[in-house]
Amino acid sequence: STPIAELDPEIAGFIDAELGRQREGLEMIASENHTATAVMAAQGSVLTNKYAEGYLGRRYYGGCEHVDEIERIAISRVKSLFGAEYANVQPHSGAQANASVMHALIRPGDTVLGLDLAHGGHLTHGMKINFSGRLYTIVAYGVSDETHRVDMAEVERLAQEHRPKLIVAGWSAYSRQLDFAEFRRIADSIDAHLMVDMAHFAGLVAAGLHPSPVPHAHVVTSTTHKTLGGPRGGIILSNDAAIAKKINSAVFPGQQGGPLEHVIAGKAVAFGLAATENFVDKQRRTLAGSYELARRLSETDVADLGITVLTGGTDVHLVLVDLRDSVLDGGQAEDLLAEVGITVNRNAVPNDPRPPMVTSGLRIGTPALASRGFGSAAFAEVADIIALTLIAGTAETGAAAETIVELGVRVSTLAAAHPLYPTMN
Ligand code: PLP
């Protein structure tokens with residue numbers, strides 16, 4: 001029962017420092033969020049100690065009566081949240097959820113059609129040195145050079161030509177909605193399975209603010225920690241009994257051993273929260289913030305400097321900034337925003353002329369700030385700060401340094417007005 005600060009002051013110090021960093025700055029990494037303290041309490045509980053290999057009522061360990069109830073509640077809540085008939089809440093992460101679906105539905109060497117990483121896809125959708133790229137034959141679709149949107153005619157052409165066994169729809173860096181019905185039509189036309197990875201937009205789906213892939217896909221995977229706002233982890237949903245059975249055995253014993261019951265408890269708490277009006281309101285603010293950011297970054301003072309918004313706007317919780325025509329590259333823009341106290345990540349844009357560690361883009365998301373209580377006025381202020389920081393970074397005069405200091409003060413004021421985890425110390 002020794003407090004961590006006494007037992008291990010070195011680690012405790014870094015946890016405190018991270019709390020300070022999150023409190024004092026503004027988190028705008030699109031895949032991040034500030035989860036509820038109740039979710040963290042579940043994860044920090046005695047459930048950490050429990051082994052529970054297997055599934056409800058069919059465990060390979062004794063003493064599972066309480067974790068069985070927790071996992072049952074998590075499953076029932078996530079099924080009702082997304083209107084799915086079957087759910088597996090055991091994947092330790094989004095990557096493991098995707099690996100399990102591939103393990104269940106295809107064999108090594110089979111062809112998978114997924115969105116190119118360089119066009120916004122995820123590592124697990126077929127990147128060369130990821131398990132997906134090493135085990136399976138990957139064919140990638142991209143976004144159109146003109147619209148920067150997924151071109152369904154190209155998806156269909158590639159599907160017809162390569163006859164993949166699995167089509168993956170979903171993204172890590174894309175600011176528009178996908179046409180799930182059209183993906184399913186194409187999958188059916190070649191007798192392929194369709195997996196939708198809704199990791200990024202699951203929270204919007206849960207709130208009814210984004211079309212649901214569940215009625216269209218054979219399988220839907222997600223993380224639980226992005227817009228959904230829960231603990232770090234994965235889930236798999238399906239409406240097909242035979243597929244669900246294969247997926248269960250692909251997760252355990254196919255890919256994993258003991259489930260993380262403390263995380264599953266955190267997932268259950270998060271699914272409960274996601275079914276509330278407060279959650280819907282938060283997702284509305286998330287979207288409104290993203291729209292406002294896209295609008296502000298499209299104004300002439302920014303656009304005249306060659307800084308534009310990819311696709312001209314957004315339908316989701318993130319904005320992709322295109323710096324291909326700017327003197328500022330993705331790395332410099334990320335560093336400048338860090339200087340004023342805003343955390344974002346550099347991100348390659350399609351056909352990026354700069355190297356992957358530099359990039360010509362930024363991915364900026366609003367979920368964490370919405371969780372922190374940001375409304376329209378605060379989002380307008382942060383959008384203005386981002387615009388002015390990028391403008392200052394492009395300036396050739398010495399005035400920029402002073403401006404950066406002033407913008408940093410505006411960030412501190414916003415952060416102080418939206419206290420994060422006020423009772424935590
Ligand atoms: N799928 C998508 C679309 C993602 O964006 C991510 C994470 O960024 C993942 C899967 C992987 O999730 P995890 O980091 O939990 O493995």
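Me: In which hand does H14 pass H16 in its crossing?
Reply: This is a predicted model, in which local features need pLDDT of at least 70 and side-chain atom pairs count only at pLDDT 80 or more, while totals for chains, interfaces and linings use all residues. Residues are numbered from 1 along each chain as its sequence is written. A crossing is right-handed if the near helix is turned clockwise from the far one by less than a right angle, and left-handed if anticlockwise. The crossing of H14 and H16 is right-handed.

Me: Which residues in H16 meet H14?
Reply: From H14, the contact takes in Gln332, Ala333, Leu336, Leu337 and Val340 (C-beta atoms, placed from the backbone, within 7 Å). Their partners in H16 are Ile385, Ile386, Thr389, Leu390 and Gly393.

Me: Which helix gives the largest share of the shell around the ligand?
Reply: There are 15 residues around the ligand (C-beta atom, placed from the backbone, within 6 Å), and Ser93, Gly94, Ala95, Ser172 and Ala199 come nearest. The largest share is 3 residues, and these come from residues 94-105, helix H5.

Me: How far apart are the end C-alpha atoms of residues 5-386?
Reply: The span is 44% helix and 14% strand (strands are DSSP runs of E, at least two residues). Its end C-alpha atoms are separated by 37 Å.

Note on methods
Helices (H or I, at least four residues) and strands (E, at least two) are DSSP runs, numbered from the N terminus. Two residues are in contact if their C-beta atoms, placed from the backbone, lie within 7 Å.
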